[in-house]
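Here is a short report on one protein model. Keep the sequence and the 3D view side by side as you read.

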Amino acid sequence: MSDGHLFIKELVNKTCIHRYNLSLEQWHLSLIWSFTVSIFCIGGLIGALVAGSLISKFGRKRCLLFNNFMAITGAVLMLLSQTAMSFEMIMAGRFLCGLNSGIGLCAHTMYLLECAPRQLREMVGVTIASFISLGKFSGQLLGISELLGTEKNWPWLLGFISFTALFQLVTLPFLPESPSFLLFERGDRPACEKAIKRLWGNNDYSKEIEEMLKEKAALQNVRSHSVLELIQNQTVRWQLITIIVMFVSLQLCGINAVYFYSFEVFRAAGIQEHKLPYAALGTGLCELSTSVAFFMIIQRTGKKVLLFRGYIGMSTTLALLTVTLYLQHYLSWMPYCSMVLIFMFIFSFACGPAAGTVSLPGEIFPQAFKSAAYTIACTINWTGLFVLGMIFPVLVENLDSFCFVIFLFFCVVAVIYIKFIPETRNRTTLEIAAEFDRIHSKSGALHRIAFPENNLNGVKTYETKF
């Protein structure tokens, strides 16, 4: 939204002049603009709250298909807002796109992880962050003045989401439903086996199906739990705490603050105002390329190690960045140090929290709790985004660059907590649950579930159709 804010504020003012013969003051425009931005988070929060029940009722694939219609409707409203001389259409479109994002983030993540073989699950989970980074970079790229960042074309920038929604609406029907959903929720083993062969190829997957049946037997007669039931259940207490800590840390790690200060640092380094959008492209490209590189190494390193290293790097960088931003008013060469630190922070964020956090609920919770776990995780995500958007300007005004100390605290907390969570690489959800139980010295119900030991060090190569 930042690329077209001047044009949108101009539309708001023109609309009020046209309707009421009233020219708005600057604070009026800023208030309407803030609400237009924040309503996306409100839509995302509502979408996350209803996502769990929708996913359990209709399935992952059907939920994703229907969800595209909200994105298309919202995009059309924003696309026609300039012609209709109505800024309210942008608000309504943003709200619908927020709903789409809140539901889609839950359904998309669950669908991908449940369709992937266990040995490839972490790699597939990283693609979620990679495509989020690709979306941010694409928005930055399309928003430059040579493309859609003009007075004539900005509605197409807001409505571009319709093309991606249409693409998914056309292609997704050719893919099968999630094998786990078919087996656990529908109890349809033949459909599950057929879906696995369509996704992974015509090989023998009896071992994988046996593991799924073992989890199904452990959860026999257990339906999908609600959010309240998940909160009250003692057997997954540490998984729930892990989700809360990791998703709160993801929002309060300081990445939004670093992006905010990047423009100030670029200006201090001598980059001209009209070239700042091109410098911002560099930050987006850094996050995207790092996320892709993370995809290549996670299978060898493991998620826990990379999350730990990512937060260590972010903590160190935030501490140094606080110092360099304070000193850049006194030393002419200090902005260049800040520029290097900004890119180092984005690198650490992309190869740690960004790529490793989103898929956690699908990896550490049993099938019966996944929908509720994603609802909680995405609710924290959208609430944190909304609250941060409201209080961050106040923090900057009162603390200036020392606001990074607050984000540094959450990064350090994440570093400490990660030491007490198990590695998820090449493990089933039952094995991960038992490991949580062992680490925290709890003798819970999952200790009584019998399952054979697997060779977790050996990595089996899977051929898939994609």
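## Two loops with positive phi

Asn-21 sits in the loop between helix 1 (5–20) and helix 2 (26–58). Helices here are DSSP runs of H or I with at least four residues, strands are runs of E with at least two, and both are numbered from the N terminus. The phi angle of Asn-21 is near 55 degrees, a positive value in a residue other than glycine. Asn-21 is exposed, with a relative accessible area of 69%. The cut-offs are simple: buried means under 20% relative accessible area, exposed means over 50%, and partly exposed is in between (1.4 Å probe, protein chains only).

Met-85 lies in the loop between helix 3 and helix 4. Its phi is also positive, near 55 degrees, and Met-85 is not a glycine. Met-85 is partly exposed, at 29% relative accessible area. Ser-86 belongs to the loop between helix 3 (60–84) and helix 4 (88–115). Is Ser-86 buried or exposed? Ser-86 is buried, because its relative accessible area is 9%. Leaving out residues up to four places away in sequence, Ser-86 touches Leu-11, Thr-15, Arg-19 and Ser-81. Contact means heavy atoms within 4.5 Å.

## About the model

This is a predicted model, in which local features need pLDDT of at least 70 and side-chain atom pairs count only at pLDDT 80 or more, while totals for chains, interfaces and linings use all residues. Residues are numbered from 1 along each chain as its sequence is written, and side-chain values use heavy atoms, with hydrogens and water left out.

## The whole chain

The protein chain has 21 helices and 0 strands. Its radius of gyration is 23 Å, close to the 23 Å that the globule rule gives for 466 residues, so the chain is as compact as a globular protein of that length. That radius is taken over C-alpha atoms, and the rule is 2.2 Å times the number of residues to the power 0.38. Along its principal axes, the C-alpha trace spans about 70 × 50 × 40 Å.

Buried residues make up 52% of the 466 residues. Take the contacts between residues at least 6 apart in sequence: 78% of them join residues at least 24 apart. The chain exposes about 21,600 Å², and carbon and sulfur atoms supply 66% of that area. Areas come from the Shrake-Rupley method with a 1.4 Å probe; for residues, only the protein chains shown count as cover.

## The nonpolar cores

A nonpolar core is a set of buried Ala, Val, Leu, Ile, Met, Phe, Trp, Tyr and Cys residues joined through side-chain atoms within 4.5 Å. Which residues have the most contacts inside the largest core? They are Leu-230, Tyr-311, Phe-365, Phe-404 and Phe-407, in a core of 57 residues. Helix 19 gives the most to this core, with 11 residues. Apart from it lies another core, of 40 residues, among them Cys-63, Met-110, Leu-158 and Tyr-374.

Not counting residues up to four places away in sequence, Tyr-311 touches several residues, including Met-246, Leu-250, Pro-353, Cys-411 and Ile-418. Asn-381 lies in helix 19 (residues 367–399). Asn-381 is buried, at 11% relative accessible area.

## Along the chain and across space

Ile-231 is in helix 11 (residues 227–232). At 40% relative accessibility, Ile-231 counts as partly exposed. Beyond its neighbours within four places, Ile-231 is in contact with Arg-237, Leu-240 and Ile-376. Ile-231 and Ile-241 are 10 residues apart in sequence, and their C-alpha atoms are 9.6 Å apart in space.

Val-405 lies in helix 20 (residues 404–418). Val-405 is partly exposed, with a relative accessible area of 45%. Thr-322 is 83 residues away from Val-405 along the chain, and the two C-alpha atoms are separated by 7.5 Å. Leu-157 lies in helix 6 (residues 154–158). Leu-157 is buried, at 17% relative accessible area. Gly-384 is 227 residues from Leu-157 along the chain, with 26 Å between their C-alpha atoms.
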